[in-house]
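I opened the model to look up a few places in the fold. My entries follow in the order I made them.

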Amino acid sequence: MKKSFKSICCLFLSIMLVLSFAFGSFAYTNTAEAQRFNEDGAFRIMHVTDTHLEYYNLEASAYLIAAACDREKPDMIALTGDIAMSDDKEEMDTCIDRLMTVFEDRKIPVAVCFGNHDIETKSYTNPSDLMALYNSYDCSISVDEGDVLTGCGTYNIPILASDSDEMKFNVWVFDSGSTDGEGHYSNVPADQVEWYKTVSAEIEQENGKINSLAFQHIIVPEIYDALKKYDTPRAYAFEHIYNKGEYYAFNPELENHGVLNEYPCPGYYNHGQFAAMVERGDVLGIFTGHDHSNAFSVKYKGINITNSLSTRFNGDAYSSQYGYRIIDINEADTSAYTTKAVHWYDFYTLGDVFELSKSGDEYGAELAMNVLFQGFFRKFADEFATTIVYMFTGRQCAYN
Ligand SMILES: [Fe+2]
């Protein structure tokens, strides 16, 4: 009896939600504080993701992220989940504080969304409590939309003209969730897709066509349509996360950048996010994390499906390949943008080590030397492997 009453309530709420979207009477509250193009027309986003901060990697990761901010001078940080994780609440809070203080000190606005790990610890089980912690920092422009959508942290950020309040660009942030309860990762759910379609249409009605970028933790399932399928294993082709016996590598017929280093991990069920974006035609690129060593971009159906590196350094050669991504847009032409993935192993030169040492920053000098040393081997191994595959098979596995 109880169950059927619950089902009727769920059905009623679902119908109300669909009707609200259909008739546009929904009260949208999830638009973040607008940002603005700089006087020179530029706007730079730094994509930081999957920091997976714990005490053991906190100091090195925070130091590198701070150094990257000082070098790149981003206008906004997109922080897309799996940020800190510990069952010890004090550790988790300390990690988040250390990271957010990097941005707070530099007055860089931060847009947060969550990954599959952020609320799986005992420290935070309610995403709203965790979002409240991020929003306790002045630099956070993240939005907790409350109960109006599934999840927590789905919103848009208007980017205004440098010299007026005209909306020139838009950034979408989605909560792609965690898992679906059936052993797969989750995807952006149907109600968020409906929200996107409605708000996208509203924005166009008010401002004309506004180009945009999207950020979320988990990659869209269409990534497997954008890669080339092989029936047998081969180098730099990775077995499909769900369909065993299918191997995927870059499709040379598409526009590719970067390297595919592991199989992408989208959700199993597709709720139509990518299709909606193709239909609306206002999203230039969709940026995700989650697959830590994948730093690629593949253009499919007009949208750059882009994965960014885990932004942390654990002190070993493997994590010296991690890093961050820079995205530059300009109000003079919002139909295009440029982007680059920066690996830690390319971040420092020997000259930087000497400079840091000369300035008395012994910790920085030692860390930079360690990144350089570990990274030398990692970078050499990566480049050697992709070159060998190309030489013997003619298959390109790494793109500029
Ligand atoms: Fe993840």
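**Entry 1: S61**

I started at S61, which lies in helix α2 (residues 55-72). Helices (H or I, at least four residues) and strands (E, at least two) are DSSP runs, numbered from the N terminus. I noted that this is a predicted model, in which local features need pLDDT of at least 70 and side-chain atom pairs count only at pLDDT 80 or more, while totals for chains, interfaces and linings use all residues. Residues are numbered from 1 along each chain as its sequence is written.

Is S61 buried or exposed? S61 counts as buried because it has 28 C-beta neighbours inside 10 Å. The cut-offs I used: buried is 20 or more other C-beta atoms within 10 Å of the residue's own, exposed is 12 or fewer, partly exposed is in between, and C-beta atoms are placed from the backbone.

I then listed what S61 is in contact with, leaving aside its neighbours within four places in sequence: T51, L53, R312 and F313. Contact here means that the C-beta atoms of two residues, placed from the backbone, lie within 7 Å. F313 is 252 residues from S61 along the chain, yet their C-alpha atoms are separated by 5.2 Å.

**Entry 2: the strands around α2 and α3**

I followed the chain on both sides of α2. β2, α2 and β3 make a right-handed β-α-β unit. The chain also crosses from β3 through α3 to β4, and this β-α-β crossover is right-handed. Right-handed means that, with the strands pointing away from the viewer, the path from the first strand over the helix to the second runs clockwise.

Next I checked the pairing, for which DSSP must find at least two bridges between two strands. β2 and β3 run parallel and are joined by four bridges, with I45 opposite M76 in β3. β3 and β4 also run parallel, joined by four bridges, and L79 stands opposite V112 in β4.

How many residues of β3 (residues 76-80) are buried? I found five of its five residues buried. M76, A78 and T80 lie on one side of β3, I77 and L79 on the other, and both faces are covered. In a regular strand the side chains alternate between the two faces of the sheet.

**Entry 3: the nonpolar core**

The largest nonpolar core has 98 residues, of which I77, L99, A111, V173 and V371 touch the most other members. A nonpolar core is a set of buried Ala, Val, Leu, Ile, Met, Phe, Trp, Tyr and Cys residues joined through C-beta atoms within 7 Å. α3 gives the most to this core, with seven residues.

I looked up A111 separately. Leaving aside its neighbours within four places in sequence, A111 is in contact with A32, M76, I77, A78, L79, I141, S142, I157, V171 and V173.

**Entry 4: helix α4**

Which residues of α4 (residues 127-134) are buried? I found L130, M131 and Y134. They are on the same side of α4 because they cover an arc of only 100° around the axis, the arc being that of the directions from the helix axis to the C-beta atoms. The buried residues of α4 pack against α3 (89-105) and β4 (110-113).

**Entry 5: two positive phi values**

D50 is not a glycine but has a positive phi of about 50°. D50 is found in the loop between β2 (42-48) and α2, and D50 is buried, with 24 other C-beta atoms within 10 Å.

H290 is a residue other than glycine too, and its phi is positive, near 75°. H290 lies in the loop between β12 (283-288) and β13 (295-300) and counts as buried, with 25 C-beta neighbours inside 10 Å.

**Entry 6: a three-stranded sheet**

I found an open antiparallel sheet of three strands in the order β8-β10-β9. β8 (227-230) and β9 (238-239) are the edge strands, each pairing on one side only. Two bridges join β9 to β10 (residues 247-250), and E239 stands opposite Y247 in β10.

**Entry 7: the whole chain**

I counted nine helices and 17 strands in the chain. Buried residues make up 42% of the 400 residues. Among contacts between residues at least 6 apart in sequence, 71% join residues at least 24 apart. The C-alpha trace spans about 65 × 50 × 50 Å along its principal axes.
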